[in-house]
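Please look over the structure shown below together with its sequence.

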Amino acid sequence: MAAAFRSLARAMRRTKFSPMYVSRMMLHSHATSFGYQEVREEEKSQLVGNVFTSVASNYDLMNDLMSAGLHRLWKDRLVSKLNPFPGMKHLDVAGGTGDVAFRIIDTINNEKRQALQDSFEDNLLEDTQIYVCDINPNMLNVGKKRAEERGLSEVRSLVWVEGDAEALNFEDNSMDGYTIAFGIRNVTHIEKALAEAHRYDMYSFSVIPAVGDIVAGDRESYQYLVESIRHFPQQEKFASMIDDAGFQKVQYENLVGGVVAIHSGLKF
């Protein structure tokens with residue numbers, strides 16, 4: 001349930017995202033899912049916000065426990081498929097804790113150290129902008145605190161933005177890449193989030209909620225996280241939705257036997 005969208009470089013020039021209207025998709029309805037519950041569309045954002053406000057401080061620890069630490073490897077793979085480069089303008093959506101953004105910054109810095117440096121390369125690095133966008137300010141605060149702990153609080157390349165995946169406040173054709181990891185399952189209209197991207201079992205129910213109760217003292221919030229995973233479209237369906245949003249060469253890579261899949265698509 002992770003997606004990465006990267007533009008192709010042609011003759012060392014970057015291809016940008018541009019907006020599109022998805023006419024084949026039903027973007028409006030009166031009810032939507034909140035885990036296995038049916039709620040009104042206007043209620044879902046608030047309900048999801050409440051969940052992540054509740055779990056923000058323990059979110060990374062819960063991911064470690066829920067995935068036995070594998071989420072770190074999944075995110076490493078996501079960033080490797082993105083192939084970050086110095087001077088990149090990248091948008092990581094629903095990435096408030098900074099997990100993906102930190103990996104992108106580290107990858108670019110490692111490439112800089114390994115490459116023969118010149119003034120042109122240094123200028124490109126200064127132009128790098130990694131935007132971390134999240135609708136929940138509490139998640140962003142966790143990310144900012146983690147950035148400070150990593151010595152990245154003063155890094156100008158890292159920009160924190162409060163925003164909605166379905167209505168991003170960025171100019172058209174302004175990004176080289178876009179990622180959204182597990183947050184895609186929390187949007188009310190997946191099709192709208194994909195359109196925005198295009199412009200520019202027993203274990204689950206018995207173990208994970210119980211761990212949430214122990215670690216976060218909040219069983220209901222983690223029950224929603226489990227249900228939202230199970231309710232998310234299967235790999236082929238989600239790939240079809242990405243294709244409908246206008247991306248080309250859509251593909252996905254199953255990890256851990258399909259427990260997690262990284263979807264990718266290109267815009268030419």
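In which helix is Ile105 found?

Ile105 is found in helix α4, where helices (H or I, at least four residues) and strands (E, at least two) are DSSP runs numbered from the N terminus. This is a predicted model, in which local features need pLDDT of at least 70 and side-chain atom pairs count only at pLDDT 80 or more, while totals for chains, interfaces and linings use all residues. Residues are numbered from 1 along each chain as its sequence is written, and side-chain values use heavy atoms, with hydrogens and water left out.

With a relative accessible area of 6%, Ile105 is buried (buried means under 20% relative accessible area, exposed over 50%, and partly exposed in between, with a 1.4 Å probe and protein chains only). Apart from neighbours within four places in sequence, Ile105 is in contact with Ile130, Ser157 and Leu158, contact meaning heavy atoms within 4.5 Å. Ile105 and Ile130 are 25 residues apart in sequence, and from C-alpha to C-alpha they are 7.7 Å apart in space.

## Aromatic pairs

Rings of Phe, Tyr and Trp (its six-membered ring) pair if their centres lie within 6.5 Å, and planes under 30 degrees apart count as stacked, over 60 as edge-to-face and the rest as tilted. By this rule the count comes to five aromatic pairs. In one of them, the rings of Trp74 and Phe182 have centres 6.2 Å apart and planes at 65°, so the pair is edge-to-face. Because Trp74 lies in helix α3 (residues 70-82) and Phe182 in the loop between β9 (177-180) and α7 (190-198), this pair ties together parts that are 108 residues apart in sequence. Trp74 is buried at a relative accessible area of 11%, and Phe182 counts as buried at 12%.

The rings of Phe102 and Trp160 are also edge-to-face, because their centres are 6.3 Å apart and their planes are at 70°. This pair links distant parts of the chain, with Phe102 in helix α4 (residues 99-114) and Trp160 in strand β8 (residues 158-162), 58 residues apart. Both Phe102 and Trp160 are buried. Elsewhere, ring pairs link Tyr131, Phe170 and Tyr200 into a cluster.

## A nonpolar patch on the surface

Leu70, Leu73, Val256 and Val259 form a nonpolar patch on the surface, and together they have about 340 Å² of accessible area. Val256 lies in the loop between β10 (248-255) and β11 (260-266), and counts as partly exposed at 46% relative accessibility. Accessible areas come from the Shrake-Rupley method with a 1.4 Å probe, and for residues only the protein chains shown count as cover.

Key. Patches are made of residues with over 30% relative accessible area and no salt bridge: like charges are joined within 9 Å, nonpolar side chains (Val, Leu, Ile, Met, Phe, Trp, Tyr) within 5 Å. A salt bridge is a side-chain nitrogen of Lys or Arg within 4 Å of a carboxyl oxygen of Asp or Glu.
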